[in-house]
Amino acid sequence: MRYLKFLSALAIVAFSIKGFCLQFDPDLSQDLQKQMKEDLAFMGQIKGAKQTPLHQQIFGQLDGENYKTFFETRITSVGHDSCGDGKAVACVMPFYDAHKMWITDNFIKFSHPQVARAMVVYHEARHSEGKNGFWSHATCPTPFLDENGNEIKSIWTGSTLAGEPACDKTPFGSYGSSTIMLHNISQYCVNCTDKVKMDAKIYSDDQTGRLIGKAKEDVKKDFGM
């Protein structure tokens with residue numbers, strides 16, 4: 001399967017949009033490619049009044065140019081794969097290509113707001129960082145319950161998370177960084193619609209639940225909570 005995907009690279013479709021340089025495997029539909037182009041263009045135009053300290057440390061100022069730089073220096077191409085797990089939404093496979101993001105059927109078949117789709121691709125971009133060990137996830141506790149005693153599930157698929165490698169022990173990992181990004185968009189974006197900021201808050205609040213141990217405390221402190 002990997003060999004076939006390598007051969008298909010000869011027919012890869014490339015595009016460059018407002019600073020984002022990205023290649024798509026030919027088995028990705030034109031509709032999906034268009035959607036991802038629009039999502040990246042959206043991220044590239046964001047403007048912010050200010051940002052939290054952790055956002056400054058990870059992304060720099062809340063500005064689309066910084067989001068462009070962050071993404072395009074980490075992810076260069078997109079393909080389709082199961083990622084070896086029926087619960088996965090997307091993944092990076094460092095042993096194959098650390099700068100290629102793979103999206104699964106779960107990314108395609110579930111409908112989520114634009115800023116939530118951006119959350120997924122920026123999450124995967126963080127996984128491309130070999131110098132940081134690709135930010136491996138921590139195993140979620142068993143049972144995995146929220147502050148009200150309810151079982152925590154994936155906001156994307158509804159899958160259970162207890163005992164899964166779907167949490168972070170650091171605010172700098174993939175869940176932590178995407179949570180910080182969305183929170184800052186929800187609070188400080190000056191050219192986002194109210195709907196975008198509301199969606200960003202909903203998904204940021206949800207992703208905070210995937211932070212365990214001191215990571216959650218650090219993020220809440222960063223948010224002034």
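Student: Why does S177 count as buried?

Tutor: The model is a predicted one, and in it S177 has a relative accessibility of 1%. Buried means under 20%, so S177 counts as buried.

Student: Where does S177 lie, and what does its side chain reach?

Tutor: S177 belongs to helix α8, residues 174-188. Its side chain reaches the backbone oxygen of G173 at 2.8 Å. The cut-off for a polar contact is 3.5 Å between N or O atoms, and the 2.8 Å of this pair is within it.

Student: Which residues is S177 in contact with, leaving aside its neighbours within four places in sequence?

Tutor: They are I58, F59, R126, P171 and F172. One of these, R126, is also among the α7 residues that make the contact with α8.

Student: How is the packing of α7 and α8 described?

Tutor: Two packed helices are described by the angle between their axes and the distance between the axes. For helix α7 (residues 114-126) and α8, the angle is about 140 degrees and the axes are 8 Å apart. The crossing is right-handed.

Student: Which residues make that contact, and how do they divide into nonpolar, polar and charged?

Tutor: From α7 come V115, A118, M119, Y122, H123 and R126. From α8 come S174, Y175, S177, S178, M181, L182 and I185. The residues of this contact divide into eight nonpolar, four polar and one charged. Arg counts as charged, and R126 is part of the contact.

Student: What makes α4 oblique to α7?

Tutor: The axes of helix α4 (residues 64-72) and α7 cross at roughly 55 degrees and come within 9 Å. Angles under 35 degrees count as roughly parallel, and roughly perpendicular starts at 65. The crossing angle of roughly 55 degrees falls between these limits, so α4 is oblique to α7.

Student: Which residues make the contact of α4 with α7?

Tutor: On α4 they are Y67, K68, F70 and F71, and on α7 they are V121, Y122, A125 and R126. They divide into six nonpolar, no polar and two charged.

Student: Is D63 buried or exposed, and how do you know?

Tutor: The relative accessible area of D63 is 18%. The limit for buried is under 20%, so D63 is buried. D63 is found in the loop between α3 (53-58) and α4. Its side chain reaches the backbone nitrogen of E65 at 2.9 Å. Leaving aside neighbours within four places in sequence, D63 is in contact with I46 and K47.

Student: Why does G213 count as exposed?

Tutor: G213 has a relative accessibility of 56%. Exposed means over 50%, so G213 counts as exposed. Its place is the loop between α9 (194-208) and α10 (214-222). The C-alpha atoms of G213 and D168 are separated by 8.7 Å, and these residues are 45 residues apart along the chain.

Student: What is noted about phi of C83 and F134?

Tutor: Most residues other than glycine have a negative phi. Phi of C83 is near 60 degrees, a positive value, and phi of F134 is near 60 degrees as well. C83 is in the loop between β3 (77-80) and β4 (90-93), and F134 is in the loop between α7 and α8.

Student: Why does F134 count as partly exposed, while C83 is buried?

Tutor: F134 has 27% relative accessibility, between the limits of 20% and 50%, so F134 counts as partly exposed. C83 has 18%, under 20%, and is therefore buried.

Student: Which residues does a cis peptide bond join?

Tutor: The bond joins T142 and P143, with omega about -5 degrees. P143 is in the loop between α7 and α8.

Key. Residues are numbered from 1 along each chain as its sequence is written. This is a predicted model: local features need pLDDT of at least 70, side-chain atom pairs count only at pLDDT 80 or more; totals for chains, interfaces and linings use all residues. Side-chain values use heavy atoms; hydrogens and water are left out. Helices (H or I, at least four residues) and strands (E, at least two) are DSSP runs, numbered from the N terminus. Buried means under 20% relative accessible area, exposed over 50%, partly exposed in between (1.4 Å probe, protein chains only). A polar contact is a pair of N or O atoms within 3.5 Å; within protein, one must be able to donate a hydrogen and the other to accept it, and residues adjacent in sequence count only if both atoms are side-chain atoms. Contact means heavy atoms within 4.5 Å. Axes are lines fitted to C-alpha atoms, for helices over the stretch in contact, and angles run from 0 to 180 degrees between N-to-C directions. A crossing is left-handed if the near helix is turned anticlockwise from the far one by less than a right angle, and right-handed if clockwise. Angles under 35 degrees count as roughly parallel, over 145 as roughly antiparallel, 65 to 115 as roughly perpendicular and the rest as oblique.
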